[in-house]
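Biologist: I have not looked at this one before. Can you walk me through it?

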Amino acid sequence: LHCTRPLCLGRRRLSSDAHMRVRTPFRCSPHPCEYEIAFVSDVEGDLDYFNRWVAGSRCVAYTGSDEAALTLTHARAYFVYGGDVPDHGRGSEQLLRLLVGLKRAFPRRVALLVGNRDLNKLRLTSECAPSDLARPHWSIPAPHWDPSAPTLSQHLEQVAAARGGGATAASCDCAAERLRWMYENTLGCPATFEARRAELAALRSVGSATGDNGGGGGGGGGGGGGGGAAPPPPPP
């Protein structure tokens, strides 16, 4: 088992970068079979870190120099991802595509576990839907678990004050700003909006991504902004 963080297996504790072979006896054979399992978790969009992990793995490798796809290195290699794909780094979408591609290539030898940072993005499918975006901004409260967090209206007022030129909370109310507010104040990842903006701008080969309603990068902070010809999203 190749792992990058401490892992408990029964009474045995594996330290960072530990390796072990798992021997599983089969009734049909008098000889045990050897398997190698690679494990990594909590990459959180840090593609440089993930690339370093792949470089040191005996089970997982890139298929080519362009690092566009992953493969398992031998017939008895398995891979487990422990959860938390997105958020802090600027490679969340690329990492997600790599992991889903590997799962599709080896559906029975790859396991993708879901972490809190993956699960909490499911709310974006409803809160960024047109029906919910049609709700008045003043009707959306602050998160009840954080008394210091601003309401959506307070966030929009701050945005309007920064823009100047007669901007108001209503004129600044758009899908991108609602998504920014959610990331910064309700999802515990204040840097994600700008990280996703930068990643989408790079993937779409543009100088910058806009934060306007329906624009490319702001809405792409995770919830699906629409501008530009983007590749189809991976399945959930």
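Modeller: One term before we start: pLDDT is the predictor's confidence in each residue, from 0 to 100. This is a predicted model, and over residues 208-236 pLDDT stays under 50.

Biologist: How many contacts beyond four places in sequence does the model have for residues 208-236?

Modeller: There are 64 for that stretch. Residues 1-31 also stay under 50, with 63 such contacts. Where pLDDT is low, the predicted coordinates should not be read in detail.

Biologist: And what is the mean pLDDT of the chain?

Modeller: The mean is 79, and 73% of the residues reach 70 or more.

Biologist: New topic. Where does Ser57 lie?

Modeller: Ser57 is in the loop that runs between helix H1 (47-55) and strand E6 (60-62).

Biologist: Buried or exposed?

Modeller: Ser57 counts as buried because its relative accessibility is 12%, and the cut-off for buried is under 20%.

Biologist: What does its side chain reach?

Modeller: The Ser57 side chain reaches the backbone nitrogen of Cys59, at 3.0 Å.

Biologist: How many of the lining residues are nonpolar, polar and charged?

Modeller: Nine are nonpolar, two polar and five charged.

Conventions. Residues are numbered from 1 along each chain as its sequence is written. This is a predicted model: local features need pLDDT of at least 70, side-chain atom pairs count only at pLDDT 80 or more; totals for chains, interfaces and linings use all residues. Side-chain values use heavy atoms; hydrogens and water are left out. Contact means heavy atoms within 4.5 Å. Helices (H or I, at least four residues) and strands (E, at least two) are DSSP runs, numbered from the N terminus. Buried means under 20% relative accessible area, exposed over 50%, partly exposed in between (1.4 Å probe, protein chains only). A polar contact is a pair of N or O atoms within 3.5 Å; within protein, one must be able to donate a hydrogen and the other to accept it, and residues adjacent in sequence count only if both atoms are side-chain atoms. Ala, Val, Leu, Ile, Met, Phe, Trp, Tyr, Cys and Pro count as nonpolar, Asp, Glu, Lys and Arg as charged, and the others, Gly among them, as polar.
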